Amino acid sequence: MLNCPKTGLFAAAFLAVVALSPASPAGERIGRPWTLEDILLVPEVNELALSSDGRFAIYAAEAADAEAKRTRARIRIVDIGARTQRNIASADVARSFKNVPGTEDWSALLDIGEGLQLYRISAAGKISPEIKNPELISVGKADLSVAMGGGAPPLEIGILAYDWSPDGQSLWYSQLKAKSGPPPVRFDEGVTRLRSRRRSSIETEVDFFLRAPDGSIDRVITRPTSDRMAMHAGAKVIWRGDEILFRTEAPNGSPGSVFETRAWNRRQKSIRIVSNERDARTLTMLRGPRGGALSTSGIGAALELIESGPGEEPHRYGRFPFTISDSNYAASRDGRKTIVGTRNLETSRYGLALVEKTDVREITGTGSLTKCSFDNRLSLAICVEEGVSKPPRLVRVDLARGAIEPLVTVSPRHEEIMPLQARAKTWTNRNGYKATGYILYPREFRPATRYPAIVITHGFDADERFAKAENQWNYPAQLFAERGYVVLLINDPLPYQSSNLRAAYSAWSRGSGPPDPETVRQLIWIEGVNSLVDAVNDLAAEGLIDPARVGIAGYSRGAQMVNVAVTRTEIFSAASSGDGGFLEPSGYAGWPASYDPVYGGSPMSEHFEQYRSFAPSLNAMKVCAPVLQQVAAASPSQAELFDALRAAKVPTQLTYYPGTSPASDETHIFHIPSNRMLAMRENVAWFDYWLLGKRNTDAPFPERLAMWDRMAENGKPRCGANESAP
């Protein structure tokens with residue numbers, strides 16, 4: 001792992017201070033086209049915090065750094081009144097930006113050369129250590145590290161999470177520690193949990209501490225890393241008098257888990273179990289202005305917003321066309337107002353809802369509002385505003401009036417690009433299920449012209465955000481549009497529209513039915529494929545796309561849809577499946593709880609016929625489209641599909657992208673810039689070859705073109721006439 005040198009870091013950062021121009025006004029602009037480098041360098045604002053006086057904001061914009069061979073974060077301070085910003089530092093990782101109560105400072109977890117530690121940042125830009133842990137623990141997909149999910153790049157952690165007391169005098173924090181002694185001998189389930197392990201790991205635990213106003217530190221509790229609350233939500237605490245309330249998880253062997261609330265008494269230095277959950281105010285809920293939990297309920301184009309609490313009649317605010325989440329959650333200090341993040345059911349655009357005891361006011365912009373930070377009275381917010389064709393910029397939101405004013409651009413580079421034409425769209429499939437998404441039009445779009453098309457899918461991430469890797473992964477949607485493709489960014493049918501769909505997703509989530517496995521497969525995967533096929537047919541009937549030149553791409557959840565689609569329809573003439581493999585028989589060993597509701601049980605049982613009728617590898621002989629698999633960790637499931645396609649003489653290629661060293665892997669969302677660039681170029685070359693018959697001169701592995709020629713010549717012919725528009 002490469003760290004920036006400590007010597008001269010802050011001096012260099014101040015010498016490099018740059019004032020960036022305010023955001024450009026909305027409207028028509030003349031600009032340049034997209035390049036692959038533009039897609040690689042799209043920044044993501046992952047942290048944003050207002051100062052306590054509302055005069056300044058601090059944020060971190062993460063983007064690829066080719067020299068560092070990873071993504072890095074630039075930390076910037078915004079003068080809200082002057083609408084200017086300046087860079088103050090860069091970091092390998094920047095997390096958990098918060099106000100330090102009672103001061104004008106912020107705090108943040110930063111890796112600026114000494115692992116992830118807690119720092120204090122002044123409004124002038126001075127960065128100083130707040131608390132450090134020299135005993136660093138490596139995490140990520142690397143040997144002798146702790147796994148933290150497929151998306152976490154390798155890093156070293158000193159401080160894991162933290163929170164300040166309301167007066168800013170006490171500090172709650174957690175850190176990882178290596179278990180002492182030799183590795184344990186394992187038995188039974190302790191052994192089976194290792195069956196999907198690719199890299200050697202280390203045994204660790206999570207320690208929680210409380211630093212008192214006088215600087216003394218108490219160890220509160222030690223939790224295993226299997227406790228997901230401890231690993232991922234250690235800063236979600238409630239300060240109540242002398243007690244600090246926090247949650248722990250006790251896995252019980254089932255897909256779900258048992259949670260309990262504990263309270264640490266800082267005077268008595270003791271822990272008690274909180275039995276009254278209403279008193280505990282469950283830490284994961286969205287608390288409303290009436291003291292209850294906010295949620296949405298119902299089925300249809302509008303959902304009911306409800307605030308409920310134990311032993312009380314729920315308060316019903318009305319029906320609204322959005323879901324809610326804690327991504328933009330805040331509550332005023334007097335408890336009279338709550339704000340929650342919203343996602344529109346029709347356009348998948350993110351906004352805000354200000355909830356008061358008798359009123360709900362929705363606040364939306366011309367794009368999505370994300371990563372918001374609020375003042376204490378909930379009168380002002382600073383948010384990121386972005387859209388499919390709108391680069392991210394910081395905006396000031398007057399919550400009382402709903403007025404939105406631009407502050408600064410996050411990326412001047414992307415403001416130079418002439419926006420591509422994009423259109424939000426809802427498709428209704430043959431069985432009445434609706435799928436939302438967006439259409440990206442070719443740069444030189446001409447009506448009455450049929451264009452080649454590429455469908456990109458990844459669960460529910462086709463939303464009103466700018467070039468998000470969570471959606472398009474290594475599929476360069478913008479460059480495809482520049483090259484003359486129509487690009488369809490399509491979501492799975494939203495579960496809220498149907499009680500049957502919702503039941504199927506619930507069964508998949510909890511690990512068991514009802515409904516039965518055949519119904520789960522039909523509603524989650526087959527209806528999803530129906531939506532993709534019917535969307536293609538809809539645009540073919542409109543005269544927009546050529547149904548004989550349509551490709552499909554998707555990673556992770558999208559890879560499931562790609563792999564099922566190519567076994568159940570002939571409409572796609574080329575496919576790219578990214579880092580998937582779920583649904584293959586060999587995957588059961590690693591994820592039995594996820595497979596059971598889909599197939600009923602193990603493939604080595606009476607349930608094999610369900611696998612035989614549905615698993616992509618066992619239906620490879622039905623595949624008519626050339627299939628590219630790009631993977632970050634070559635799993636048995638991915639190899640299983642590749643071998644089956646080769647045996648069926650389907651043109652196919654399996655490409656593995658490595659980590660930074662033989663002792664590490666690439667992450668699920670690629671974090672190594674060179675890998676992402678190669679993968680994007682490979683996808684462009686793949687679709688150009690199979691859809692357009694072009695040999696791309698920018699193909700990253702030119703020697704593979706000869707292999708594609710042989711596959712085209714010796715592979716089985718296309719399965720017949722494509723499904724066409726009615």
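**Entry 1: the whole fold**
I began by reminding myself that this is a predicted model. I then looked up the helices and strands, and I found 16 helices and 38 strands in the protein. Next I checked the radius of gyration: it is 26 Å, close to the 27 Å that the globule rule gives for 726 residues, so the protein is as compact as a globular protein of that length. I also looked up the span of the C-alpha trace, which is about 75 × 65 × 60 Å along the principal axes.

I wanted to know what share of the residues is buried, and the answer is 55% of the 726.

**Entry 2: charges**
I found 85 positive and 83 negative side chains. The centres of these two sets lie 1 Å apart.

**Entry 3: a visit to Glu249**
I picked out Glu249 and found it in strand 16, which covers residues 243–251. Is Glu249 buried or exposed? Its relative accessibility is 2%, and buried means under 20%, so Glu249 counts as buried. I then looked for a partner: the side chain of Glu249 makes a polar contact with the side chain of Arg228, at 2.5 Å. Last, I checked Tyr119, which is 130 residues from Glu249 in sequence and 29 Å from it in space, C-alpha to C-alpha.

Technical notes
Residues numbered from 1 in each chain as written. Predicted model: local features only at pLDDT ≥ 70, side-chain atom pairs only at ≥ 80, totals over all residues. Heavy atoms only, no water. Helix = DSSP H or I, 4+ residues; strand = E, 2+ residues; numbered from the N terminus. Rg over C-alpha atoms; globule rule 2.2 N^0.38 Å. Buried < 20%, exposed > 50% of the residue type's maximum accessible area, 1.4 Å probe, protein only. Lys, Arg positive; Asp, Glu negative; His and termini not counted. Charge placed at Lys NZ, Arg CZ, Asp CG, Glu CD. Polar contact = N/O pair within 3.5 Å; in protein donor to acceptor, adjacent residues only side chain to side chain.
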